[in-house]
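Trainee: I have a model open and some labels to question. Can you take me through them?
Mentor: Go ahead. Bring it up first.

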Amino acid sequence: MKIVFVASEANPFIKTGGLGDVVYSLAAEFANLDHEVAIILPFYNRIKENITSSLEQVGRFSVDLSWRKAECKIFYTQYRRINYFFLDNDRYFNRRNIYGEQDDGERFAFLSLASLKLMKDFNLAPDIVHVHDWQVGMIPCLLKESHDDYFSKTKSILTIHNPAFQGTFERDYILDLYSLPDYVYDDGAIRLNDRVSTLKAGIMYADRITTVSPTHKNELLTTEGRGLEGALRLREYDFVGILNGIDYNEFSPSTDKAISSNYTIDDYYNAKQVNKETLLKRFNLRNLGLPVYGLVSRLTWQKGIDLVIPMIRNLVHRGCNFVILGSGEYELEQQFEQLRREFPYNVGIYIGYSDELAHLIYAGSDFFLMPSLFEPCGLSQMISQRYGTLPIVRKTGGLNDSVICYDNHNEDKANGFGFSPNSVEEFIRTVSFSFEIYWNLPLRKKLMKNALNTDNSWVKSAAEYLKVYKDALGIK
């Protein structure tokens, strides 16, 4: 099968969040299965500054954005059997920021239109064009409205990673860029709240729609759909929730060079204690024999961080240790700094991001905190399980799908803890429950082994996506 991904980011070249992980990891799994896979990306200035592999310029062409013409140079490389194409235009991508520019509508219109021209000019002949989020949500519309025989057998898939960003723009602005007829707006197919939504366009025109977990799919069909629920209910039979996986090469306790002691499921416990000791020393914390609760997150309300601060104040007096890595809202950062000043031997804070430190937190913590207000999929809970660290999550989105919460009766299956509804009281109750379980070593080891045995690889997820592709293509 020939599969082309179009996205605004993808590892290992550019990543600002989980989207970059998912696009790359899914493509890599398909390549491992001998499918012909390409990823099309903008050639951001940040990629040019950090590129370590050799890129070859393989062509150039002009892109029509209504009456405008924009030059596009095409660069190419192959990485882990994935063909990467980079679309270069200094006007659109020679910026400090990846997102958040005033002309984002035009920048990603260029990406969408240039991607289709690239597929045709370079004869990629895709069976599947798989687009991700609002930035390239217009591509399914363009494929159908162009009536181009070249793409007559091509099917489009849209994956919704973050429905909070919907690509909303003024009607005339967006129709002008894409040279689309008025009826695509007038009939409501791309209209949302009297503006164009490129994400809604993808929903209405894609042959199949996916999102990143089964629970999140169900959430999006309700008022949690952020205004998209009506369109998604119209397409409900073409809409699938598929849980993301994680890259088992990057997150492997047996080979991870960022941790102090490597381990497998056969020798995990003592090695985790070594990593725990290293983690505590890193932050000058004490009480090795007491539980460590780790958190690696953006420090923002969406991640439930407003629940974490009162929980720490409640639990720290029991001698628990808390290690926090992240950055975000200034007020939350300052509240964590205050906690560190009050409890310097129990609370460790690193404002910013360190990949090495993140890996050590996954390996050296006993429990991992993830009390998100909403979480379409989430990867950190899966990574913590991979390292035998028990996640404590709110039962929402992909957290609900990936964590089997211990309830005093399911020790043969449970691989973490969970709470609902979203309240400080419920969070404190659940963390307190984990504190009690900490002292029951045989039970805790059983839960840790369950976590280590959890299959969060991309093998399962890729198989589910292939079913979606084949269904769209009419292949049984």
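Mentor: This is a predicted model. Its chain has 19 helices and 18 strands.

Trainee: What makes the chain as compact as a globular protein of that length?
Mentor: The rule is 2.2 Å times the number of residues to the power 0.38. For 476 residues it gives 23 Å, and the radius of gyration of the chain is 23 Å, so the chain is as compact as a globular protein of that length. The C-alpha atoms fill a box of roughly 65 × 45 × 45 Å along the principal axes.

Trainee: How many of the residues count as buried, and what does the word require?
Mentor: It requires under 20% relative accessible area. Of the 476 residues, 61% count as buried. The accessible surface comes to about 19500 Å², and carbon and sulfur atoms hold 46% of that.

Trainee: Which strands form the open sheet, and in what order?
Mentor: The order is β8-β10-β9, with antiparallel pairing.

Trainee: Why do β8 and β9 stand at the edges?
Mentor: β8 (168-169) and β9 (191-192) each have a single partner strand, so one side of each has no neighbour in the sheet.

Trainee: How do you know that β9 and β10 pair?
Mentor: Pairing takes at least two bridges. Two bridges join β9 to β10 (residues 195-197), and the strands run antiparallel. Leucine 192 has arginine 195 in β10 as its bridge partner.

Trainee: What are the counts of positive and negative side chains?
Mentor: There are 53 positive and 60 negative, with the centres of the two sets 3 Å apart.

Conventions: Residues numbered from 1 in each chain as written. Predicted model: local features only at pLDDT ≥ 70, side-chain atom pairs only at ≥ 80, totals over all residues. Heavy atoms only, no water. Helix = DSSP H or I, 4+ residues; strand = E, 2+ residues; numbered from the N terminus. Buried < 20%, exposed > 50% of the residue type's maximum accessible area, 1.4 Å probe, protein only. Areas by Shrake-Rupley, 256 points an atom, 1.4 Å probe, with all protein chains shown as cover. Lys, Arg positive; Asp, Glu negative; His and termini not counted. Charge placed at Lys NZ, Arg CZ, Asp CG, Glu CD.
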